[in-house]
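Here's a model to pick apart together.

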Amino acid sequence: MPPSRALVASMFDRPLFDLVLEAALVHRAHHDPSAVQWSTLLSIKTGACPEDCGYCAQSAHFDTGLPREELIDVDAVEAAARRAKEGGSTRFCMGAAWRRVADRDMPVVEEMVRRVKGLGLETCCTLGTVTESQAARLKQAGLDYYNHNLDTSREHYGEVVSTRDYDERLATLDRVRKAGVNVCSGGILGLGERREDRVGLLHELASLAEPPESIPINQLVPVPGTPMAGKAKPVPWTELVRTIAVARILMPRTAVRLSAGRESMTEELQAWCFFAGANSIFTGDQLLTTPNRGIDADRFLLASLDLHPS
Ligand code: SAM
Ligand code: DTB
Ligand code: SF4
């Protein structure tokens with residue numbers, strides 16, 4: 001039975017230490033608490049996206065100065081995946097700034113998935129809307145995870161993006177699930193949302209027929225030129241910790257990924273997030289188009305917390 005939205009709201013309202021203590025215990029009961037999974041991102045098609053997600057450097061609707069790039073070469077993807085593996089990553093995530101996947105691009109994307117899988121890495125794609133047959137083809141090529149975020153609550157969604165709606169996102173998640181691909185879906189904090197919207201996001205994710213196998217929690221990386229960079233206020237650090245803790249309690253088996261925004265987080269805050277149940281990060285110098293903490297800094301951070309890459 002999915003939790004009621006009122007229950008999720010009441011979890012957010014609990015005293016911080018009580019909430020984090022319960023989340024840490026749930027985490028320990030279901031996962032190795034010292035292991036943090038590493039994934040690495042690569043943008044395989046950059047910029048000129050027809051969607052208007054108000055946080056995104058890659059939308060054609062905003063002037064962010066980001067150079068555009070068409071679908072890149074399969075060999076370049078394989079080389080980047082090899083470097084990611086050498087750096088300690090176990091999953092490689094390929095992202096494209098598309099509204100939906102065009103059938104003509106499918107053979108190239110399938111070949112990328114096959115090559116990355118062939119290196120012994122887990123594979124992940126985030127390509128926008130996919131049809132049932134495209135999801136099935138990606139699965140056949142060896143796709144392990146598909147990332148497709150709900151980003152925020154249903155009520156706040158229209159403040160963030162106008163070119164698609166929430167149900168369209170849910171329909172893609174359903175097609176991915178039916179194709180037998182693991183679902184990765186989460187959100188962003190810092191979009192000018194209220195706590196109630198963070199409640200709504202986690203309630204929505206926990207109410208899917210099956211919870212996502214992976215939930216990325218991003219903190220907005222403010223990109224000059226995007227509407228959100230101008231208007232959104234950073235959320236208090238305790239809200240990030242609460243969001244991770246509530247996600248961990250609601251979805252005990254799910255990997256909760258502390259995703260974008262770690263560059264601007266203190267190590268102490270990241271430690272709180274790991275204690276509250278985050279057990280996955282993106283490593284490497286770059287996310288999709290914005291900088292990330294380097295691998296050496298992450299190795300040092302995990303070692304100082306007596307954690308290790310899984
Ligand atoms: N175009 C595909 C889509 O939107 O489904 C995939 C790529 S998109 C960049 C993947 C996710 O990255 C978004 O859903 C959003 O949650 C996150 N993201 C994008 N820009 C961000 C930013 N500036 N700060 C934090 N997260 C961001
Ligand atoms: C997710 O939730 N976060 C990652 C991944 N899924 C694709 C992307 C973060 C992007 C941050 C902004 C950028 O680098 O463009
Ligand atoms: Fe396009 Fe994805 Fe960026 Fe939205 S988040 S503008 S869909 S690349």
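Q: What volume does the largest pocket have in this predicted model?
A: The largest pocket comes out at about 310 Å³. Its lining counts 19 residues, with Q219, L220, P222, P234 and S264 closest to the centre.

Q: What makes N149 a polar contact of ligand 2?
A: The cut-off is 3.5 Å between N or O atoms. An oxygen of ligand 2 lies 2.8 Å from a side-chain N or O of N149, so the pair qualifies.

Q: Which distances put N218 and T290 in polar contact with ligand 2?
A: For N218, a side-chain N or O atom is 2.8 Å from an oxygen of the ligand. T290 also has a side-chain N or O atom 2.8 Å from a ligand 2 oxygen. Against a limit of 3.5 Å, both therefore count. On its own, ligand 2 exposes 400 Å², and the protein buries 87% of that.

Q: Why is the space taken by ligand 2 called a cavity?
A: A cavity is space where a 1.4 Å probe fits but cannot get out, worked out from the protein atoms alone. The space that ligand 2 takes is the largest cavity.

Q: What classes of residue make up the shell around ligand 2?
A: Six nonpolar, six polar and no charged residues. Among the residues around ligand 2 are L41, F282 and T126.

Note on methods
Residues numbered from 1 in each chain as written. Chains lettered and ligands numbered in written order. Predicted model: local features only at pLDDT ≥ 70, side-chain atom pairs only at ≥ 80, totals over all residues. Heavy atoms only, no water. Near = heavy atom within 4 Å. Polar contact = N/O pair within 3.5 Å; in protein donor to acceptor, adjacent residues only side chain to side chain. Areas by Shrake-Rupley, 256 points an atom, 1.4 Å probe, with all protein chains shown as cover. 1 Å grid on protein atoms, 1.4 Å probe; cavity = no way out; pocket = protein on both sides within 12 Å on 5 of 7 lines; lining within 4 Å. Sits in = over half its atoms within 2 Å of the grid points. Nonpolar A, V, L, I, M, F, W, Y, C, P; charged D, E, K, R; others polar. Points joined across faces, edges and corners; volume = space filled by probe spheres on them.
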